[in-house]
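Here is a short tour for anyone meeting this structure for the first time. Have a look at it, then read on.

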Amino acid sequence: MANSAGSRKRARQAIKRRARTMALRSMVRTYVKKVNAAVATADYEQAQAAFTASQPYIDKSVNKGILHKNAAARIKSRLNAKVFALKG
């Protein structure tokens with residue numbers, strides 16, 4: 001258990017920061033699932049719209065340090081490939 005005032009404050013901050021991080025990470029995962037669900041229905045327009053909506057949230061998670069930039073690029077690349085495969 002935290003004893004000093006500074007360590008108690010750090011513990012409080014860690015709890016708040018973790019809650020914020022988990023919420024943002026969950027939001028990104030939800031948007032990725034929406035794209036995958038749209039791809040599963042084989043509807044290109046819906047999949048493209050879902051992918052376009054998901055991109056800003058993936059990018060924001062990188063800026064906030066929740067995802068690594070290469071991981072975000074990989075996620076976006078794979079989603080884009082799935083969406084593009086529906087077009088052809």
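## Ground rules

Helices here are DSSP runs (H or I, at least four residues), numbered from the N terminus, while strands are E runs of at least two. This is a predicted model, where local features need pLDDT of at least 70 and side-chain atom pairs count only at pLDDT 80 or more, though totals for chains, interfaces and linings use all residues. Residues are numbered from 1 along each chain as its sequence is written, and side-chain values use heavy atoms, leaving out hydrogens and water.

Start with A53, which sits in helix α2. With a relative accessibility of 34%, A53 is partly exposed; that label covers whatever falls between buried (under 20% relative accessible area) and exposed (over 50%), using a 1.4 Å probe and protein chains only. From A53 to K34 is 19 residues in sequence and 9.7 Å in space, C-alpha to C-alpha.

Now hop over to K69, in helix α3. K69 is exposed, at 59% relative accessible area. Between K69 and K82 there are 20 Å, C-alpha to C-alpha, for a separation of 13 residues in sequence.

## The core

What makes up the largest nonpolar core? It has 12 residues, including V28, F51, I58 and L79. Helices α1, α2 and α3 each put in at least two of the core's residues, and α1 has the largest share, with five. To count as a nonpolar core, buried Ala, Val, Leu, Ile, Met, Phe, Trp, Tyr and Cys residues must be joined through side-chain atoms within 4.5 Å.

## A salt bridge

Side chains of opposite charge can pair when their charged atoms come close. The rule asks for a side-chain nitrogen of Lys or Arg within 4 Å of a carboxyl oxygen of Asp or Glu, and the count comes to one salt bridge. K76 and D59 form it, with their closest N and O atoms 2.7 Å apart. The pair ties together distant parts of the chain, 17 residues apart: K76 belongs to helix α3 (residues 69-87) and D59 to helix α2 (residues 44-63). K76 is partly exposed at 22% relative accessibility, and so is D59, at 34%.

## A positive patch

On the surface, R8, K9, R10, R12, K16, R17, R20, K60 and K64 gather in a patch of positive charge. A charged patch joins like charges within 9 Å, from residues with over 30% relative accessible area and no salt bridge. Helix α1 (residues 5-40) gives the most, seven residues. R8 is found in that helix, α1, and is partly exposed at 37%.

Key
Patch = residues over 30% accessible without salt bridge, like charges linked within 9 Å, V, L, I, M, F, W, Y side chains within 5 Å. Areas by Shrake-Rupley, 256 points an atom, 1.4 Å probe, with all protein chains shown as cover. Lys, Arg positive; Asp, Glu negative; His and termini not counted. Charge placed at Lys NZ, Arg CZ, Asp CG, Glu CD.
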